[in-house]
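Dear colleague,

Please find the structure below, together with its sequence. My notes on what was found in it follow.

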There are 2 protein chains.
Amino acid sequence: MRISELSERSGVSVPTIKYYVREGLLHRGELTSPNQARYDESHLDRLRLIGALTEVGGLSVAATRDLLQVIDGDQRPELGDLMGLTLKRVDGGPGDGGDVSEEDLAAADALAERHGWHVHPGSALREELARVMAALEGSGFELTPEWLDGYADAAGQTARLDHDYVEGVTNLDGVLRTVVVGTVLGERLLASLRRLAQASEARRRHGG
Amino acid sequence: MRISELSERSGVSVPTIKYYVREGLLHRGELTSPNQARYDESHLDRLRLIGALTEVGGLSVAATRDLLQVIDGDQRPELGDLMGLTLKRVDGGPGDGGDVSEEDLAAADALAERHGWHVHPGSALREELARVMAALEGSGFELTPEWLDGYADAAGQTARLDHDYVEGVTNLDGVLRTVVVGTVLGERLLASLRRLAQASEARRRHGG
């Protein structure tokens, strides 16, 4: 198909498609003349993936390109490494670079330990958890063990579901794509479900 | 204390403090001369809350001001409404305004119904869920009932924890603040815990 049809079917504008090709997110079409290229279903599929990661996943174009390079790459990381790689490429979320006190880190470690999670001392994930916990406490939110442990249980459950899911995917391309998409979009899904559940629970408890 | 001390103790720069005062996020200090004001612990406390919502919660200054107005306002919303109000003021997340098909909405409704959640037909939360589910599917992620229901169970658990927590808070100011902070930062906490749990689960299953 021509670029105009690709644009129409994908809902992505022609300039944006050209931009993705220039930036290396989308493979070139097959040249049919010096100024015209032919695109196929693989381009449509790729544009859907890019759209999911950027628009719904909230990733930057640069972070998306990095993740796509992992999917495309010759290097096939171990499944265990892949999730870590993906998490690292994902925008680290707000709060990067702020300093975290030893006390905050100890509180995060204590929570992780209660749930049997092994946490690297230099891990950015550990710092992020400590930072979020400190922000909650600094805002006058008392972090009770019941609340924290309940959240950690819920998070642990989703992590097990993700790993079960990935282990059921048989081909390697599928695994790579699943981990990247599931890691990024799974977070949005969980947030979205939590909001719906909160609103529904509010109505159940308080009417209206 | 003077503004310089407030800046030092809060870690917020003097120009930013002045900006927050101009924008109505922070109450003015008590004037001790035409060019000098005195600040107290209430300003420090407020700056911590602003920092938590903007830096860790990822809210814009405008969204933060809106939420602070709910906390400060004379109108005391019903607890049931408050969470909805908070969710509405929070940046709706990526994907706003994109269109969602009836089929995607039906898939979201089916999931909500399986979990006994009551969802308003015109709700932005319903659209967001439908959009995220469609993005996952469009990226080649097969939404199995086990995975989806497991995620919904985890989300439902956090919603119940939040409501239990709020019901244990006795004064109204505390309730307002708790709902706002818990809604915004609870989402970051859950995302952060999920990442840690994923990384830990990867190591548990695949070594390393």
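This is a predicted model: local features need pLDDT of at least 70, side-chain atom pairs count only at pLDDT 80 or more; totals for chains, interfaces and linings use all residues.

**Relation of the two chains**

The same surface serves both copies, since 100% of the contact residues of chain B recur in chain A; contact means heavy atoms within 4.5 Å.

Residues are numbered from 1 along each chain as its sequence is written, chains are lettered from A and ligands numbered from 1 in the order in which they are written, and side-chain values use heavy atoms, with hydrogens and water left out.

**Chain A**

Chain A has nine helices and two strands, where helices (H or I, at least four residues) and strands (E, at least two) are DSSP runs numbered from the N terminus. From the N terminus on, the order of elements is α-α-β-β-α-α-α-α-α-α-α. Of the 208 residues in chain A, 51% are buried; buried means under 20% relative accessible area, exposed over 50%, and partly exposed in between (1.4 Å probe, protein chains only). Among contacts in chain A between residues at least 6 apart in sequence, 58% join residues at least 24 apart.

Ala62(A) belongs to helix H4 (residues 61–72) of chain A and is partly exposed, with a relative accessible area of 38%. Its C-alpha atom is separated by 9.1 Å from that of Leu25(A), 37 residues apart along the chain.

**Packing between the chains**

Helix H3 (residues 41–56) of chain A packs against helix H7 (residues 124–138) of chain B at an angle of about 145°, with the axes 8 Å apart. Axes are lines fitted to C-alpha atoms, for helices over the stretch in contact, and angles run from 0 to 180 degrees between N-to-C directions. Arg48(A), Ala52(A) and Val56(A) of H3(A) make this contact with Arg131(B), Val132(B), Ala135(B) and Gly138(B) of H7(B).

Leu136(B) also lies in helix H7 of chain B and is buried, at a relative accessible area of 0%. Leaving aside neighbours within four places in sequence, Leu136(B) contacts Val181(A), Leu185(A), Leu189(A), Phe141(B), Leu143(B) and Trp147(B).

Which residues touch the most other members of the largest nonpolar core? They are Trp147(A), Leu189(A), Trp147(B) and Leu189(B), in a core of 115 residues. A nonpolar core is a set of buried Ala, Val, Leu, Ile, Met, Phe, Trp, Tyr and Cys residues joined through side-chain atoms within 4.5 Å.

Ala155(A), in helix H8 (residues 145–167) of chain A, is buried at 0% relative accessibility. Not counting residues up to four places away in sequence, Ala155(A) touches Leu190(B), Leu193(B), Arg194(B) and Ala197(B).

Yours sincerely
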